[in-house]
Amino acid sequence: MNNPFKTILSNTNKKKKAQILKYVRIVVQIIFFVIFPALFSQAFGAVKEVITCMKDGKVLHMGEFVIAFIILCAVTITFGRIFCGWACAFGAFGDFVFFISSYIHKKMKKRMFKIPDKALRIMQMFKYIVLVSVVLLCYGGKGELVTKYSPWTVFSLITVRNKMFLSYKAAIVILIFIVIGMAVKERFFCQFICPLGAIFSLLPNAFMLIFNRDNNACIKGCKACKNNCPVGIKLSENHFADGECIGCARCINTCPKGNIGFVRKRTNKAN
Amino acid sequence: MKVFWIKSINCILIAGIIMGYQYYAVKRDNEIKANEEENAKARQEWIESNKNTQVSKSSIYKNGVFEGTGKGFGGDIVVQVTIENDFITDAAIVSADNETPSYIDAASAILDDVVAKQTVKVDAVSGATLSSNGIIEGLENAIKEASDE
């Protein structure tokens, strides 16, 4: 049963599968970028719309935005934040920026800057502040301000090649800062700023975890999965419950032993 | 596990608040609608009664259908306003070729607002702010057209 040759073989098979998964994800991201380049801002637009309507005492109607938001919430509750990792155009844009940045770093043989664990956790809280401020601004009837300063406005205007984005100067500055952030830290916007991500991470995940690790089979002291995770999740600990996981499946790619799988194992008492 | 239940309860609470709000909003809206129908009736009667006695001489705006253009999300939006004896009786979108349909759908809610409130100074639909602003700009231009001699 413990034939070493067999284990190596099965591991390489697992790794091959993981590599395929990596490319599948890139293809899915490109497809979604082309077909639904504005899904994230539409879904969040629904939140702003509902709050503005509630302020005015208007009847809420099931527009396309609201339906998009409800579908995305349902997906997140059942499968976790796979929308963020696989389908969001802004997330894909961030991945692209980081890809270029890490390529340049490699060429120049420089190490990427690493944010310490604790700082990362604190910075991840910032997106809730963004969410609360947007909600309060909309409720205070200042929804226009959100549009004015939103980097998404500029981003979506650029994607449709509308020159009007030049008139949103403050938003352009913010977008440039975010792009710099994206180049420094993978998924910078998604984990630190995105208010839609904040909503998604507050949703319960029906399966509790998407990825699971068989801790007993781990190499001692190996932290490959955590070090490569764009949002710094420690698989062995309880962090999946905090909703930061974007389902990017990087950990599956990384694990030298092919030790991480999709389904929750009964033996793991992580929760 | 505890986190899961806390999150679930929060979600249900928020969904509940929104549904409760919606229930009362619909109830109130029905009352307002009934009121508005009466207003519209009165307005129509007023227009009818003034048709014979008063030619649109003293009115601020010309009668007729006026078009105006505004800049939306993807390009120009052309809207039209129908004015009868200084009342806005209709507002509609003529063309919005470069707009995303879902955005224009959401934004066109302001057209009803314009007729109900009898002003083009209405709030943009959030989530479709740029398309809304284009429509409002077009409406303003149309009204200008109507007031020009």
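Mentor: Start with a definition: contact means heavy atoms within 4.5 Å. This is a predicted model: local features need pLDDT of at least 70, side-chain atom pairs count only at pLDDT 80 or more, and totals for chains, interfaces and linings use all residues. Residues are numbered from 1 along each chain as its sequence is written, chains are lettered from A and ligands numbered from 1 in the order in which they are written, and side-chain values use heavy atoms, without hydrogens and water.

Trainee: Which residues of α3(B) and α4(B) meet?
Mentor: B:I110, B:L111 and B:V114 meet B:S132, B:I135, B:I136 and B:L139.

Trainee: What angle do helix α3 and helix α4 of chain B make?
Mentor: About 35°, with the axes 10 Å apart. Axes are lines fitted to C-alpha atoms over the stretch in contact, and angles run from 0 to 180 degrees between N-to-C directions.

Trainee: Why is a crossing called right-handed?
Mentor: The near helix is turned clockwise from the far one by less than a right angle. α3(B) passes α4(B) in that right-handed sense.

Trainee: What makes A:R81 and A:E244 a salt bridge?
Mentor: The rule asks for a side-chain nitrogen of Lys or Arg within 4 Å of a carboxyl oxygen of Asp or Glu. Here the closest N and O atoms are 3.9 Å apart, so the pair qualifies. A:R81 and A:E244 both lie in loops of chain A, so the pair ties together parts 163 residues apart in sequence.

Trainee: How much area is buried between chain A and chain B?
Mentor: About 2600 Å², of which carbon and sulfur atoms give 61%. Buried area is the accessible area (1.4 Å probe) that two parts lose on being put together, summed over both. In chain A, A:V59, A:F65 and A:P204 lose the most to chain B. The contact takes 36 residues from chain A and 33 from chain B.

Notes. Helix = DSSP H or I, 4+ residues; strand = E, 2+ residues; numbered from the N terminus.
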